[in-house]
Amino acid sequence: MSNESAPEIVISLEIDDPVLADRLATLLGSIAGLRLAAPGEPAAAAIVSRDHDRAASPGAFELTPRELDVLALLAEGASNKMIAKRLGISVHTAKFHVGSLLDKLDATGRTDAVAHAARRGVINL
């Protein structure tokens, strides 16, 4: 067996969200054989934000106070009917808010919206 260790893999992070970038840097920094690239240093691989264009526009993920209320109820697994009852709004309005959340969070469904919001630090689970 050889004592030579495998070469270190250098990874760059190109993520606009500072909270997500810090979390990834912490996780990746703890993996043996990986190193984060210094600014301007060439890297073997890059982790790039998928939402680059959306994250660059101001307010892309700003949610209204009502949307935050709806999101909290979604995180509890509430249906549109339950959301409407708890917030004193119509089911139609609840559906509208859920749809708006799905659009703003670029989510494919209710669970995905909660997951996206948690990853972005909008809600804590």
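Predicted model: local features only at pLDDT ≥ 70, side-chain atom pairs only at ≥ 80, totals over all residues.
The secondary structure of the protein chain consists of six helices and three strands. Read from the N terminus, the order of these elements is β-α-β-β-α-α-α-α-α. Of the contacts in the protein chain with a separation of 6 or more, 58% are accounted for by residues 24 or more positions apart. Among the 125 residues of the chain, 27% count as buried. The chain exposes about 8,300 Å², of which carbon and sulfur atoms supply 57%.

The contact between helices H4 and H5 was examined in detail. Helix H4 comprises residues 80-87 and helix H5 residues 91-104; their axes come within 8 Å and cross at roughly 110 degrees. An angle from 65 to 115 degrees counts as roughly perpendicular, and H4 and H5 are therefore roughly perpendicular to each other. On the H4 side, the contact involves Asn80, Lys81, Ile83 and Ala84, which meet Val91, Ala94, Lys95 and Val98 in H5. By residue type, the contact of H4 with H5 divides into five nonpolar residues, one polar residue and two charged residues.

When residues up to four places away in sequence are not counted, Asn80 touches Val91, Ala94, Lys95 and Val98, together with Arg110. Of these partners, Val91, Ala94, Lys95 and Val98 belong to H5, whereas helix H6 spans residues 110-119. Met82 also has its place in helix H4, but its relative accessibility is 45%, and Met82 therefore counts as partly exposed. The C-alpha atoms of Met82 and Ala94 are separated by 9.0 Å, although these residues stand twelve residues apart along the chain.

A buried residue is also found in a strand. Ser12 lies in strand E1, which covers residues 9-14. With a relative accessibility of 14%, Ser12 counts as buried. Its neighbours within four places in sequence left aside, Ser12 is in contact with Ala37, Ala43, Ala45, Ala46 and Ile47.

The backbone beyond H5 contains a further feature of note. Asp106 is located in the loop between H5 and helix H6. Most residues other than glycine have a negative phi. Asp106 is not a glycine, yet its phi is positive, at about 50 degrees. The relative accessible area of Asp106 is 39%, and this residue is accordingly partly exposed.

Conventions. Residues numbered from 1 in each chain as written. Heavy atoms only, no water. Axes fitted to C-alpha atoms, helices over the stretch in contact; angles between N-to-C directions. Helix = DSSP H or I, 4+ residues; strand = E, 2+ residues; numbered from the N terminus. Parallel < 35°, antiparallel > 145°, perpendicular 65-115°, else oblique. Contact = heavy atoms within 4.5 Å. Nonpolar A, V, L, I, M, F, W, Y, C, P; charged D, E, K, R; others polar. Buried < 20%, exposed > 50% of the residue type's maximum accessible area, 1.4 Å probe, protein only. Areas by Shrake-Rupley, 256 points an atom, 1.4 Å probe, with all protein chains shown as cover.
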